[in-house]
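Dear colleague,

Please find below the structure that I am handing over to you, followed by an account of what was found in it. I would be grateful if you could read the notes with the model open beside them.

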Amino acid sequence: MDQGDNDWWRHGVFYQIYPRSFQDSNADGVGDIRGIIERLPYLKALGINAVWLSPIFPSPMADFGYDISDYTGIDPLFGTMADFDALVSAAHENGLKLILDLVPNHTPDQHPWFIESKSSRDSPKRDWYIWRDGKPDGGPPNDWLSEFGGSGWEYHDATGQYYYHAFLAQQPDLNWRNPDVREAIYEVMRFWLRKGVDGFRVDVIWPLIKDAEFRDNPPNPNYHKGRILTQYSTDRPEVHEIIAEMRRVTEEFGSRVLIGEIHLPLHRLVAYYGNDLAGAHMPFNFALLSTLWRARSIERIIADYEKALPIGAWPNWVLGNHDRPRVASRVGQEQARVAAMLLLTLRGTPTLYYGDEIGKHQVAIAPDQVQDPFEKNVPGIGVDRDGCRTPMQWDATLHAGFSTVTPWLPLADDFVRRNVVNLEADTKSILSPYKALIATRRKLPQLVTGPISRSQRRAISCFIDEMVPQGRPLLH
Ligand code: NOJ
């Protein structure tokens, strides 16, 4: 890929690395930046064009980095700023773009901003977070819930008010109505863009700004998906102004990319391209993660998405990430190949999740091995995300070549067989079609830009429905 190419994000293949689990270089059982540098030749040979790193910044790790206590630092667990600079250079020398995870919705409660904010009602940073009085009976200001279970409001004794947290109580939400908050985060973006990063995947971008009146969310008629809807706590109209501002910041630095994490139905999702396409370059499209794995539903999703896209908006697709069960376990090993074919031949930009190219499956995590705070908060209902975050399987040696010591999460039980070295030597392995398809995309731009044809549709239908006649639910 030509580094001067403005459209690189349209025809590149993106690859998400969960840094804790990619490669450990300093024998502490946790992956790190030096480890990623060691594995760049693998990524280059795979043929991908851009690497997105889940957070590597200083963090108390209550949510494994999605709680950043210093937006312009590197957590010592992952290395140093010098290591990061070396990664940027090495990635670029190998023709790879580097995308960072920006987490602007919340900070940890240990962030100096929050420590200042909670110090008194008169603190100059009080309004940087969302503080409200309780109801007359002392209860929380409204019915908003935390994504990780329980009320979204936490009472702070010392100042007698509640603060809002969309996730853990240790992750207070920033107040994006405050212009100083906006400017502070835009400066963070500029800091990394100056260092040469090629863009951001913005964490939970759609709930950034909340209802100005803090109205109660309405009950959810579809109860099994959550007791109440998130009508007033997410997807507010004002969010688009913020995203356009973020986009302008990225554009100060030339051809960089802004990707938004957005979990909304397609017709709402596409609004995140913004007026005149001045919003996110790519609002992440998670549709393949929640549809039934049957040809008809997939076909419908593709058609609906294509139809909903504003003119000129660029599509994108994903099959997995660090929050959702592995595709190989959702659809089975055979179908995982079909899924790869689909992902890598649909019009638009595909994002791969590390290890999906070797068919990594969801790893069963025993209760005493659980690390994920979501599972710890609401145990036993199947929300554990550890199983899709286990170490990469590089070879058949002890700890799969990931580390020389016991890793932070258990390895998959089949790593002796299912690992990069073995699969590279086996032309029939899943890795083989992954590599071939990625290479073919480079040679055949029609695969990247061409609309899906009738014959492609038929071929995909045959593959999916012949092999899984009953269809499989994508989530279980
Ligand atoms: C979305 C991230 O993908 C997830 O891992 C995290 O727990 C939440 N945001 C909260 O930051």
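In which strand is Gly-199 found? Gly-199 belongs to strand 7. Please keep in mind throughout that this is a predicted model.

Gly-199 has a relative accessibility of 0% and therefore counts as buried. Leaving aside residues up to four places away in sequence, Gly-199 touches Leu-98, Ile-99, Leu-100, Leu-193, Arg-256 and Val-257. The chain also brings Gly-199 and Leu-102 to a C-alpha separation of 9.4 Å, although they are 97 residues apart along the chain.

Strand 7 (199-202) is also among the elements that cover the buried residues of helix 6. The others include helix 4 (81-93), strand 3 (97-102), helix 5 (112-117), helix 7 (239-251) and strand 8 (257-260). Helix 6 itself runs over residues 179-194 and has 16 residues. From its first C-alpha to its last, helix 6 reaches 22 Å, close to the 22 Å expected at 1.5 Å a residue. Its buried residues include Val-181, Ala-184, Ile-185, Val-188, Met-189 and Trp-192. An α-helix has 3.6 residues a turn, so residues three or four places apart point the same way.

Both ends of this helix deserve a look. After helix 6 comes Gly-196, whose phi is positive, near 105°.

Gln-171 lies in the loop between strand 6 (161-164) and helix 6. Is Gln-171 buried or exposed? Its relative accessibility is 0%, so Gln-171 counts as buried. The side chain of Gln-171 makes a polar contact of 3.1 Å with that of Asp-63. Among the residues that Gln-171 touches, beyond those up to four places away in sequence, are Asp-63, His-106 and His-165.

An oxygen atom of the ligand lies 2.9 Å from a side-chain N or O atom of His-106. For His-322, the corresponding distance to a ligand oxygen is 2.7 Å, and for Arg-385 it is 2.9 Å. The ligand has 290 Å² of accessible area on its own, and the protein covers 98% of that area.

Yours sincerely,
A colleague

Note on methods. Residues numbered from 1 in each chain as written. Predicted model: local features only at pLDDT ≥ 70, side-chain atom pairs only at ≥ 80, totals over all residues. Heavy atoms only, no water. Polar contact = N/O pair within 3.5 Å; in protein donor to acceptor, adjacent residues only side chain to side chain. Areas by Shrake-Rupley, 256 points an atom, 1.4 Å probe, with all protein chains shown as cover. Helix = DSSP H or I, 4+ residues; strand = E, 2+ residues; numbered from the N terminus. Expected span 1.5 Å × (residues − 1). Buried < 20%, exposed > 50% of the residue type's maximum accessible area, 1.4 Å probe, protein only. Contact = heavy atoms within 4.5 Å.
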